[in-house]
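Colleague: I would like to learn how to read a fold from its elements and contacts. Please start with the terms, then go to the case.

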Amino acid sequence: MDTERLKGKNILITGAARGMGAANAEAFAAQGANVCLGDLDGDEAQKVADAINAAGNGKAVAVRMDVTSRADNAAAVAATVEAFGSINVGLFNAGLNKPRFFMDIDEDNWDMIMNVNTKAMWLGMQEVARQMIAQGPQDKPYKLINVGSIASRKPLVDVTVYCTSKYGCLALTECGALGLAEHNITVNGYAPGVVVTPLWEQLDKDLVEIGFKERAGQAYDDIVENNLVIKRVSYPKDVVGTASFLASDDSDYMTGQMISIDGGWVTK
Ligand SMILES: NC(=O)c1ccc[n+]([C@@H]2O[C@H](COP(=O)([O-])OP(=O)(O)OC[C@H]3O[C@@H](n4cnc5c(N)ncnc54)[C@H](O)[C@@H]3O)[C@@H](O)[C@H]2O)c1
């Protein structure tokens, strides 16, 4: 690993208390970045930050935030700047899922998923970009990184709202790239498939509860068997390389792109 690849990058990561957000925070810091970990669970985010600081190299701070709040997004940006002096990268990773068949979707299910996965991404992008614009031009582009999903491109019968929210993340990536280019801000993202995290472990249970699957673990097995070219599910370590690339100078000439990391589930 190049322990200086992300040196000089000050990165705000939402949803960083666990799962892929925590894995990316650890990987970024190991490559020299300073990271601000924002999460609803401030205590767990602080534990991840403490472990990063104990490991050495990049520094970490944690902030409790609800990504659906504009004020919390602004406060998380301010905490990043207070700790590290500026912000050059925002990774919008916080997200959730709650499966429902189409006719069982209600307003609560719709609002919860759309607010966290899509509306909050827009709020976070805007608040981070506001700070980047205020900081003024820098040689290298500022970077926003959005976490999409296989569900950004593939309709799935059991998670209509999640798909709607994640198609929205793709639109925010493509439209954000157009809208922020004049400020030297690039917008890219990545789209995982099945990643073993607390989110998927809960989803696995919920799919049995709504009657889509008969037993725990069946969803994993069915997807590997029927959908994946690489015949295994993935883990947070499988996404950190792509996320690191998007945070690094190596992706400077890219914008408006969402890279699939899904074992070959979708091919465009
Ligand atoms: N796990 C997968 O298979 C998978 C696949 C594709 C995309 N994704 C996406 O990747 C991202 C990370 O997923 P994960 O699997 O690591 O999830 P996870 O549940 O392990 O972690 C998500 C984190 O987001 C935080 N969070 C949730 N709501 C929040 C809010 N309102 N404000 C602040 N923080 C909040 C949680 O506290 C948690 O720490 C999500 O956007 C998810 O949709 C996951």
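Modeller: Start with contact: two residues are in contact if their C-beta atoms, placed from the backbone, lie within 7 Å. Helices (H or I, at least four residues) and strands (E, at least two) are DSSP runs, numbered from the N terminus. This is a predicted model: local features need pLDDT of at least 70, side-chain atom pairs count only at pLDDT 80 or more, and totals for chains, interfaces and linings use all residues. Residues are numbered from 1 along each chain as its sequence is written.

Colleague: Which residues of α1 meet which residues of α2?

Modeller: On the α1 side they are Ala 22, Ala 25, Glu 26, Ala 29 and Ala 30. On the α2 side they are Val 48, Ile 52 and Ala 55. Now sort them by class. Ala, Val, Leu, Ile, Met, Phe, Trp, Tyr, Cys and Pro count as nonpolar, Asp, Glu, Lys and Arg as charged, and the others, Gly among them, as polar. The contact of α1 with α2 then has 7 nonpolar, no polar and 1 charged residues.

Colleague: At what angle do α1 and α2 pack?

Modeller: Axes are lines fitted to C-alpha atoms, for helices over the stretch in contact, and angles run from 0 to 180 degrees between N-to-C directions. Helix α1 (residues 19-30) and helix α2 (residues 42-55) pack at about 20 degrees, with axes 10 Å apart. Angles under 35 degrees count as roughly parallel, over 145 as roughly antiparallel, 65 to 115 as roughly perpendicular and the rest as oblique. So α1 and α2 are roughly parallel to each other. As for hand, a crossing is left-handed if the near helix is turned anticlockwise from the far one by less than a right angle, and right-handed if clockwise. The crossing of α1 and α2 is right-handed.

Colleague: How do α3 and α4 cross?

Modeller: The axes of helix α3 (residues 70-84) and helix α4 (residues 107-135) come within 9 Å and cross at roughly 40 degrees. That makes α3 oblique to α4. The crossing is right-handed. From α3, the contact takes Arg 70, Asn 73, Ala 74, Val 77 and Val 81. From α4, Leu 123, Gly 124, Glu 127, Val 128 and Gln 131 take part. By class, the contact of α3 with α4 divides into 5 nonpolar, 3 polar and 2 charged residues.

Colleague: Now the sheet. What is the order of its strands?

Modeller: Strands of a sheet pair through backbone hydrogen bonds, either parallel or antiparallel. Two strands pair if DSSP finds at least two bridges between them. Here an open sheet of 7 strands runs β3-β2-β1-β4-β5-β6-β7, with parallel pairing. Its edge strands are β3 (60-64) and β7 (258-261), and each pairs on one side only. The twist averages 15 degrees from one strand to the next.

Colleague: How many bridges join β1 to β2, and how many join β4 to β5?

Modeller: Strand β1 (residues 10-14) is joined to parallel strand β2 (residues 34-39) by 5 bridges. Ile 11 stands opposite Val 35 in β2. Between strand β4 (residues 89-92) and strand β5 (residues 142-147), also a parallel pair, there are 4 bridges. Phe 92 stands opposite Asn 146 in β5.

Colleague: Are the faces of β1 covered or open?

Modeller: In a regular strand the side chains alternate between the two faces of the sheet. A residue is buried if 20 or more other C-beta atoms lie within 10 Å of its own, exposed if 12 or fewer, and partly exposed in between, with C-beta atoms placed from the backbone. Both faces of β1 are covered. Asn 10, Leu 12 and Thr 14 are buried on one side, Ile 11 and Ile 13 on the other.

Colleague: Which helices lie across the strands?

Modeller: Take two. α1 lies across β1, β2, β3 and β4, at about 170 degrees to β1. Helix α8 (residues 240-247) lies across β1, β4, β5, β6 (185-192) and β7, at about 150 degrees to β5.

Colleague: Last, the loops. What is the phi of Asn 57, and of Asn 184?

Modeller: Most residues other than glycine have a negative phi. Phi of Asn 57 is positive, near 65 degrees. Asn 57 lies in the loop between α2 and β3, and counts as partly exposed because it has 17 C-beta neighbours inside 10 Å. Asn 184 has a positive phi of about 60 degrees. Asn 184 sits in the loop between α5 (160-180) and β6, and is partly exposed, with 16 C-beta neighbours inside 10 Å.
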